[in-house]
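Biologist: I would like to go through some of the labels attached to this model and hear what each rests on. Please set the values against the cut-offs.

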Amino acid sequence: MASDQREVDLIISGAAEVATPRGETARGGAALGELDITEDGALAVDGGLIVAVGRASDLRRAWRGRRELDAGGGILVPGFVDAHTHPVFAGTREEEFEMRVAGASYLEIAGAGGGIVSSVKGVRGASAEELLAALLLRLDRFLALGTTTIEAKTGYGLSPKEEMKCLEVIAAADAIHAVDLVPTFLGAHDFPLEYRDSDADRQRYVDLLVEEMIPAVAASGLARYCDVFTEAHVFNLDQTRRILGRASELGLGLRLHVDQLTPLGGAELAAELGAASADHLEYISDQGIQALGEAGVVPVLCPLVPLYLGQDKEAPGRALVKAGLAPALATDFNPGSCYTQSMGEVLTFSALRFGFSAAEALTAATLNAACSLDLGQRIGSLEPGKAADILVLDLPGHRHLTYEFGRNPVRSVVKAGAVVLGG
Ligand code: NIG
Ligand code: FE
């Protein structure tokens with residue numbers, strides 16, 4: 001009877017399936033592929049939260065929507081959470097891409113003065129307003145591609161003033177835009193040119209990070225995480241330990257770029273430090289896999305990056321899952337090593353490179369990514385009590401998430417209960 005129905009802000013129905021992982025903690029091993037599938041599913045949303053998930057016929061008996069959204073026979077899934085992006089930059093690096101496809105390596109280009117330092121020039125030459133305008137445009141594109149939350153790193157400023165400028169730009173964008181940004185300070189992305197003449201110089205930049213930049217960032221409240229690019233040509237294990245030790249003391253969570261281009265034992269260090277995430281991992285060792293598992297660190301995998309860099313070595317995605325770990329997926333969106341914002345492509349390539357099923361890929365791109373950002377209680381699945389971050393996708397079933405690529409299937413996006421795209 002109509003009078004028994006409770007009125008809610010929004011009902012989304014007409015879906016072939018609601019497909020979602022369940023829970024508030026990262027799902028690993030066999031649980032990575034356990035999705036909840038509701039055929040002819042519908043969602044009730046109120047006050048920005050999901051209040052009910054079920055078959056449309058059942059749900060309608062209990063709820064009436066002030067607004068209705070028709071999924072048109074598509075599927076409903078949680079908004080994608082991109083757990084690793086570098087979205088604050090000015091200018092692009094298409095000439096480096098051309099050099100790479102002609103045979104140059106990422107490290108050769110970086111060694112010749114390209115790479116991260118060319119983006120540092122761009123950021124230093126841009127005003128906060130220009131960076132914000134560029135970031136907002138990128139956030140529109142994330143949203144159009146179904147990403148409702150991103151982890152957003154600095155790392156192209158590399159000085160106290162320029163890194164703070166980037167953190168302020170991230171905060172400003174987060175305040176304005178529907179996409180949520182989780183800020184990460186990546187002052188240890190590379191050594192700026194002014195600290196590169198000698199080992200002593202590089203050590204002075206580490207001192208600057210530890211003594212000045214990290215305390216200022218922690219005091220500002222503008223970053224939730226601190227990250228380091230730990231690699232043979234940038235920050236070594238001892239420098240990383242020192243930088244992240246200080247960050248941790250000052251209350252920042254830890255993320256690391258590790259074992260991406262060379263096998264340094266970075267995963268073991270991420271485990272030792274109790275990091276929230278260890279990212280890339282193309283060269284992770286068996287001991288590294290075990291250490292991450294024991295420490296409960298989320299491996300963040302970026303399957304498009306080696307492809308984009310022309311690198312043969314892949315992260316051992318399947319081995320990580322077999323060892324019981326709970327991977328997240330990410331684009332690594334940045335102007336150098338992966339210029340894409342599409343989690344849809346990441347899902348397909350996680351299938352092609354790691355052998356992930358569509359269910360595993362979806363869990364990794366939503367719940368596990370959210371958990372790597374300590375947001376598993378709020379987002380990452382379609383369950384009562386979680387924020388209503390919902391995608392309506394023009395796909396006939398969740399297996400098409402990996403099966404089809406190259407077309408954006410996003411029909412509508414609901415963010416915190418508001419229909420922000422389509423509808
Ligand atoms: O994640 N690894 C370090 N940082 C980026 C590359 C950034 C750049 O080239 O600008 C990455 O691959
Ligand atoms: Fe990165």
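Modeller: Leu-256 is in strand E12, residues 253-258. The model is a predicted one.

Biologist: Why is Leu-256 called buried?

Modeller: The relative accessible area of Leu-256 is 0%. Buried means under 20%, so Leu-256 falls in that class. Its C-alpha atom is 5.2 Å from that of Val-228, a residue 28 positions away along the chain.

Biologist: And Thr-366, where is that, and is it buried or exposed?

Modeller: Thr-366 belongs to the loop between helix H14 (358-365) and helix H15 (367-372). Its relative accessible area is 0%. The cut-off for buried is under 20%, so Thr-366 is buried.

Biologist: Which residues are the protein donors of the iron ion, ligand 2, and what makes them donors?

Modeller: They are His-84, His-86 and His-257, each through NE2, and Asp-332 through OD. Their distances from the iron ion are 2.0 to 2.4 Å. Donors are N, O and S atoms within 2.8 Å of the metal, so these four residues qualify. Along the sequence, their spacing is H-x1-H-x170-H-x74-D.

Biologist: How do you know that the site links distant parts of the chain?

Modeller: His-84 is in strand E8 (residues 80-85), whereas Asp-332 is in the loop between strand E15 (328-329) and helix H13 (343-354). The two are 248 residues apart. Both His-84 and Asp-332 are buried.

Biologist: Which residues come nearest to ligand 1?

Modeller: There are 15 residues around ligand 1, and those that come nearest are Arg-93, Tyr-106, Tyr-156, Asp-332 and Ser-337.

Biologist: How much of ligand 1 does the protein bury, and where does the ligand sit?

Modeller: Taken alone, ligand 1 exposes 320 Å², and the protein buries 100% of that. Ligand 1 sits in the largest cavity.

Notes
Residues are numbered from 1 along each chain as its sequence is written. Chains are lettered from A and ligands numbered from 1 in the order in which they are written. This is a predicted model: local features need pLDDT of at least 70, side-chain atom pairs count only at pLDDT 80 or more; totals for chains, interfaces and linings use all residues. Side-chain values use heavy atoms; hydrogens and water are left out. Donors are N, O and S atoms within 2.8 Å of the metal (3.2 Å for Na, K and Ca); water is not among the atoms, so sites may look incomplete. Helices (H or I, at least four residues) and strands (E, at least two) are DSSP runs, numbered from the N terminus. Buried means under 20% relative accessible area, exposed over 50%, partly exposed in between (1.4 Å probe, protein chains only). A residue is near a molecule or strand if one of its heavy atoms lies within 4 Å of it. Accessible areas come from the Shrake-Rupley method with a 1.4 Å probe; for residues, only the protein chains shown count as cover. On a 1 Å grid over the protein atoms alone, a cavity is a set of points where a 1.4 Å probe fits but cannot get out, and a pocket is an open set with protein on both sides within 12 Å along at least five of seven lines; lining residues have an atom within 4 Å of a point. A molecule sits in a cavity or pocket if more than half of its atoms lie within 2 Å of its grid points.
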